[in-house]
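Student: I'm new to this one. Please walk me through it.

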Amino acid sequence: MARFLTFLLAALVLSGPAFAGIDESINTFTAPIAKVIGDIVFFKITIGGAGLPVVVLWLVVGAVFFTFYMGFVNLRGFKHAIALVRGDYSDPNSAGEVSHFQALATAVSGTVGIGNIGGVAVAVTVGGAGATFWLIVAGFLGMSTKFVECTLGVKYRNENPDGSVSGGPMYYLNKGFEERGMSGFGKFMGTFYAIGIFIGALGIGNMFQSNQAYVQLNTVAGGALDGYGWLVGLILAVVVFAVIVGGIKSIARVTEKIVPFMAIFYCFFAIVVILMNFTSIPMAISNIFTGAFTGEGVAGGALGALIIGFQRAVFSNEAGIGSASIAHAAVRTNEPVTEGYVSLLEPFIDTIVICTITALVIGTSQVADPSFAGDATGVAMTSAAFERQLSWFPLPLAVAALLFAFSTMISWSYYGLKGWTYLFGEDQSMQTVYKIIFCVFVALGCVVQLDPILSISDALVFLICVPNILGLYFLAPIVKSEMNKYQAKLASGEIKKFKH
Amino acid sequence: MKNVVLLAVDGSEGSERALSHAMSRAKSGGAKVVVAYVIEWSPYSFNTPEENAERHNRRESEIERANSGVVVPAMAKLADAGIEAEGLVRHGKPAETLSAIAKEVGAAQIVIGRRGQSGVKALIFGSVAGNLVQTAPVPVVVVP
């Protein structure tokens, strides 16, 4: 292991500064490919002056369908989800297995990331205050999609001979279609998904995160890190390497423990800022509602605001992409549907709570001072909104962004790994090959501005929601009958509370 | 009904002393001894996805280690002394789980060894024996 590490270090130190030159040529080479793929995946239909990407429509229609088909499980299952996470229904004899809380916490730390801080700012800049309303609606509908995909993730997971588990869309697509006598199609869809999640894990789950972390650090350092992207990338890559290849659990454990506190810390001070802007609260809220239905000043009006809101919500909570079901599959339960209930809290925490709070921080700041952020957008805009009231906040915010990025990378490294093992088997040395590739991309993310590669990965992540949701439609009746059976067992007292 | 003594073990010196105490008591009183090892675990910790995926395995090997390293030898010693013994390995918060086991097996008392931690350490991490004395449903014997 030490030899691997030295090799990686040496390779990156030697080639690090040289990357700066080759990114140009990689860009020219991949840009046309990225454009073609992007054009296909994000193909837009124009309605009333607003461009609606078909893939977003596909996700939204799915979420609406599952909400109705599952009888508003996102509302009706909410209380039960909380009881499950609290462990009210956990059998004391299964203590020591992965609990519902642990599975949820792991999945949430994979989705709470830069998007919750910066993505919302982008949505508000482009889609106006009204986008916030649609963001919340999308988060609410996304809860149903999560419910379906995470139930399936547990139901169709593989239990490996060594006792570990592998689950996720590639498994439920493959096995689910096979059950319906379409094994060839299922194999194709599973493989397609596995390739997509692998490439996506290198892009938005990796390069994008390390890149944004570097940019944010550099901003706080006042540009002192200009040209040192390779060094930041190298450090990040070594730390990620230590965790995923070296198996140094302490680093992962520390981050996994700090991230939830960072999220609470972030929300706490966000609420402080909102309260400090209290005179602007009524106006900010009214802007959200009027903007949602009139779309004043937004390209495409209300529909434009709706599209932006929905798009950002999907980016943030990943409902319909299927990635979270890979993490949820690790839970131990006799009832797959319990994990579905738990997972519906994920879009709630990610989108309805954290994103909305960010939107209100920006919204109230905008009401108080429309030009508070200057030209800044993304994370910088959110940072400026905090800075207006709490001048010391940008530094801890940068640290939070760095940690969010790190934990997202760790989660996505696992998602990508599961895609990889689905394709190449559970062989340990092949897994190490994947992990080394992953670390190289962490470093690359900070060094080169590979926008085309990012757009390819971005497009692929959205592309895999096509087979995923198609599979969800096919398998939804199974989830529904599981849900009904489970509800009947709850009602008859066959499944009872262990804690009162 | 036979008198049941719940003996909490963790492989430490204190737990050895607790074993000899329980042994002498059980012999004179004709009681049965339930040997319980609680592996410290919380359902509310934060893990990486990989840790979660391997958790089932880990749990099995933790139980196996506790059984073969501590519980089975203790039971053998008890059996040699002609005392009826039963072994249990659980995951959870030690004091809470021991209390639950005591109720479950109908123990008349719990016997536990003292670790003898320094004041500061005990203040930060708490002491299992101390917590147990405060919360147990039955009398607790703390063996020094």
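Tutor: Helices (H or I, at least four residues) and strands (E, at least two) are DSSP runs, numbered from the N terminus. This is a predicted model, where local features need pLDDT of at least 70 and side-chain atom pairs count only at pLDDT 80 or more, while totals for chains, interfaces and linings use all residues. Residues are numbered from 1 along each chain as its sequence is written, with chains lettered from A and ligands numbered from 1 in the order in which they are written.

Student: OK. How many helices and strands are there in chain A?

Tutor: Chain A has 21 helices and four strands. Its radius of gyration is 22 Å, close to the 23 Å that the globule rule gives for 500 residues, so chain A is as compact as a globular protein of that length. (That radius is taken over C-alpha atoms, and the rule is 2.2 Å times the number of residues to the power 0.38.)

Student: What box do the C-alpha atoms of chain A fill?

Tutor: Roughly 60 × 60 × 45 Å, along the principal axes.

Student: And what percentage of chain A is buried?

Tutor: 56% of the 500 residues in chain A are buried. Buried means 20 or more other C-beta atoms within 10 Å of a residue's own, exposed means 12 or fewer, and partly exposed is in between, with C-beta atoms placed from the backbone.

Student: What about contacts in chain A between residues at least 6 apart in sequence?

Tutor: Of those, 82% join residues at least 24 apart. A contact means that two C-beta atoms, placed from the backbone, lie within 7 Å.

Student: Now the loops. Where is A:Phe72?

Tutor: A:Phe72 sits in the loop between helix 2 (54-69) and helix 3 (73-76) of chain A. Its phi is near 55°, a positive value in a residue other than glycine. Most residues other than glycine have a negative phi.

Student: Which phi does A:Glu318 have?

Tutor: A positive one, about 60°, although A:Glu318 is not a glycine. A:Glu318 lies in the loop between helix 13 (301-317) and helix 14 (323-328) of chain A. With 29 C-beta neighbours inside 10 Å, A:Glu318 counts as buried.

Student: On to packing. At what angle do helix 12 and helix 16 of chain A cross?

Tutor: Helix 12 (residues 281-294) and helix 16 (residues 345-368) of chain A cross at roughly 110°, with axes that come within 8 Å. Axes are lines fitted to C-alpha atoms, for helices over the stretch in contact, and angles run from 0 to 180 degrees between N-to-C directions. Helix 12 and helix 16 of chain A are therefore roughly perpendicular. Angles under 35 degrees count as roughly parallel, over 145 as roughly antiparallel, 65 to 115 as roughly perpendicular and the rest as oblique.

Student: Which residues of helix 12 and helix 16 of chain A meet?

Tutor: A:Ile281, A:Met283, A:Ala284, A:Asn287 and A:Ile288 of helix 12 meet A:Leu360, A:Gly363, A:Thr364 and A:Val367 of helix 16. The contact of these two helices of chain A has six nonpolar, three polar and no charged residues. (Ala, Val, Leu, Ile, Met, Phe, Trp, Tyr, Cys and Pro count as nonpolar, Asp, Glu, Lys and Arg as charged, and the others, Gly among them, as polar.)

Student: How do the axes of helix 6 and helix 16 of chain A cross?

Tutor: At roughly 60°, and the axes of helix 6 (residues 114-127) and helix 16 of chain A come within 9 Å. Helix 6 and helix 16 of chain A are therefore oblique. Among the residues in this contact are A:Val120 of helix 6 and A:Ile354 of helix 16. By class, the contact of helix 6 with helix 16 of chain A has eight nonpolar, three polar and one charged residues.

Student: What about helix 9 and helix 18 of chain A?

Tutor: Their axes come within 8 Å and cross at roughly 165°. That makes helix 9 of chain A roughly antiparallel to helix 18 of chain A. Their contact has 21 nonpolar, 12 polar and no charged residues.

Student: Which residues does A:Ile195 touch, not counting those up to four places away in sequence?

Tutor: A:Gly419 and A:Leu423. A:Ile195 itself is in helix 9 (residues 183-220) of chain A.

Student: Last topic. How many residues of chain A are in contact with chain B?

Tutor: 27 residues of chain A are in contact with 22 of chain B. Helix 5 (100-111), helix 11 (249-276) and helix 18 (394-424) of chain A each supply at least two residues of the chain A side. Helix 5 of chain A gives the largest share, five residues. By class, the side of chain A that touches chain B has 13 nonpolar, nine polar and five charged residues.
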